Amino acid sequence: MMKAFSTAATGMTGQQMLVDVIANNLANVNTTGFKRSQINFQDLLYVTLKEPGTEVASGINSPSGTEFGSGVYAASTVKVFTAGELENTGRPLDIAISGGGFIQVTTPSGDLRYTRDGSLQTNANGELVTTTGYAIEPAISIPTDAASVSIEKDGGVNVMDSSGTQSVVGTLQLARFPNASGLSSEGDNLLSETPASGTPTTGTAGENGFGTILAGFLEKSNVQMVTELVNLINAQRAYEINSRAIRAGDDMLRTASQIVR
Amino acid sequence: MKMSLISEQVSTSIDALTREFNIVTHNLANVSTVGYKRQCNAFSKSLGTQDPQSYSPGTIELNSTLDFSQGGVTQTGRPLDFALYGKGLFVIETPDGPLYTRNGTFLTNQNNQVVDSLGRIVAGQAGPITVPNNTDLSLLSVTGDGSISAGGAAIGKFRLVDFPDDQNKLVPAGDSCYWMPDVNIAPVPAEQVVVRQGYQEASNVKIVDELVDMILVSRLYEANMKSLSAERDASGSLMNVAMG
């Protein structure tokens, strides 16, 4: 009987984690470049009392066995890297990547991070930085006398000075990973490399697999409100039902304890 | 004094009902587990059909069989989520031999190989399936028979197997996988199965059925307990008469 309690408890814990994941997805429904997470449940180990095919009488094999499962656990959460909608902002330094590449960012400590959030800005020194103020890698500086800036499909950053002369001041490099779902989320829209993600390949936008850069657009979150809400209802009901199972078990135990008066 | 037949029968039933209750809770805990196949236990339902004349304690055959019926298919849009429709299983390579699963939530590892969510290699017809390094996952497409191509170039085919006559001999191994304990039974290539990309097969646990089963089990449990206390009262009265 106690086993049933812990089995149902794993169900409740699992559904609780699902609600946590859904809540985070919903909270980030307007976060630029956010990728929704999906939780993967798997069944826990089984206690096998009798294996299928056990000889129950001479020459007769049991057609099936007797196994009890121990419940469920969340094996992993996977980031779903489907494309988000592109929103036209018209801002020349907003870029969206149509494809699988990431923008590379250097943190103040000198580590490389990766992001899909292309709302770039310039800092006091004219360098291109993310909203958090981290410099993009390789560093690109916009001259102070630039009258306008435009970013090309291949990541080339063009500036035009006040006299109308155009020049290329740098090219954005993109990185891509064998397993983007293996990247670790660092907050601030940043992701970092892990042994699971594999080592990044860097290259220019437009090349195979990196995707193209669209200036004047931002990639919105790929969270679908309706899908998340439907999942939320399912999770809530499943939680409730697992708690019912615990109550039913409790009732059964009470019946048993009433035998002895 | 010989313990009465009723007490023996009741304790056997209670044992079986407790086990069945464990199975029901396990099914309910896995109502959101992708590719999960419910365990069935027909003990409570078989009680009504037992011939009381032939019923004797200790003969309750409690077998937990797996119900391999199709689960619902939900869309995720992830290029590496696969649902199987029909009879068949994916093969997962492990150091201890192959495991079989209906959970097609796959990823790629650092070597670009297709793996399951625990990082174990998913078997292709010709070894692991490797996605070319310069291919975006959104360019992967998979046909109904499990052939995978990346941007038009074939890169492999899932190994899909079936145990036409021996499916009920598969043993759940946890982590959404099954294994075949009988080394003499070899899987055959699955023919009646379709692979759907961007979908997951939901758990085939039906909440209502499990709840009905749960109520049935707890009521039968209660009834058995009642008959046990009635038996005790009766034998108590008998003792009182005999002992004065």
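User: How many bridges join E15(A) to strand E16 of chain A, and which way do the two strands run?

Analyst: Five bridges join E15(A) to E16(A), residues 166-171, and the two run antiparallel. Strands pair if DSSP finds at least two bridges between them, so E15(A) and E16(A), with five, count as paired. Strands (E, at least two residues) and helices (H or I, at least four) are DSSP runs, numbered from the N terminus. This is a predicted model, in which local features need pLDDT of at least 70, side-chain atom pairs count only at pLDDT 80 or more, and totals for chains, interfaces and linings use all residues. Residues are numbered from 1 along each chain as its sequence is written, chains are lettered from A and ligands numbered from 1 in the order in which they are written, and side-chain values use heavy atoms, without hydrogens and water.

User: What joins E14(A) to E15(A)?

Analyst: Five bridges again link E14(A), residues 146-151, to E15(A), residues 156-161, in antiparallel fashion. A:Ser148 faces A:Met160 in E15(A). A:Val149 has A:Val159 as its bridge partner.

User: Why are E11 and E13 of chain B said to stand at the edges?

Analyst: Chain B has an open antiparallel sheet in the order E11-E12-E13. E11(B), 140-142, and E13(B), 153-157, each have a single partner strand, so one side of each lacks a neighbour in the sheet. Three bridges join E11(B) to E12(B), residues 147-150. B:Val142 lies opposite B:Ile148 in E12(B).

User: What makes B:Asp15 and B:Arg19 a salt bridge?

Analyst: Their side chains meet at 3.5 Å, N to O. The rule asks for a side-chain nitrogen of Lys or Arg within 4 Å of a carboxyl oxygen of Asp or Glu, so the pair qualifies. The two are four residues apart in helix H1(B), residues 5-29, and therefore about one helical turn apart. Over all chains, the whole structure has 18 salt bridges.

User: How many salt bridges lie between chain A and chain B, and what else describes the interface?

Analyst: Zero salt bridges are counted between the two chains. The rule does find 16 residue pairs in polar contact, both at pLDDT 80 or more. That needs N or O atoms within 3.5 Å; within protein, one must be able to donate a hydrogen and the other to accept it, and residues adjacent in sequence count only if both atoms are side-chain atoms. The largest share of the chain A side, 11 residues, comes from H2(A). In total, 63 residues of chain A contact 63 of chain B (heavy atoms within 4.5 Å). The buried area is about 5100 Å², with 56% from carbon and sulfur atoms. It is the accessible area (1.4 Å probe) that the two parts lose on being put together, summed over both.

User: Which element of chain B has the lowest mean pLDDT?

Analyst: Helix H2(B), residues 43-47, at 62; strand E14(B), residues 160-162, has the highest, at 95. pLDDT is the predictor's confidence in each residue, from 0 to 100. Where it is low, the predicted coordinates should not be read in detail. Chain B averages 85, and 89% of its residues reach 70 or more. The model scores ipTM 0.74 and pTM 0.81.
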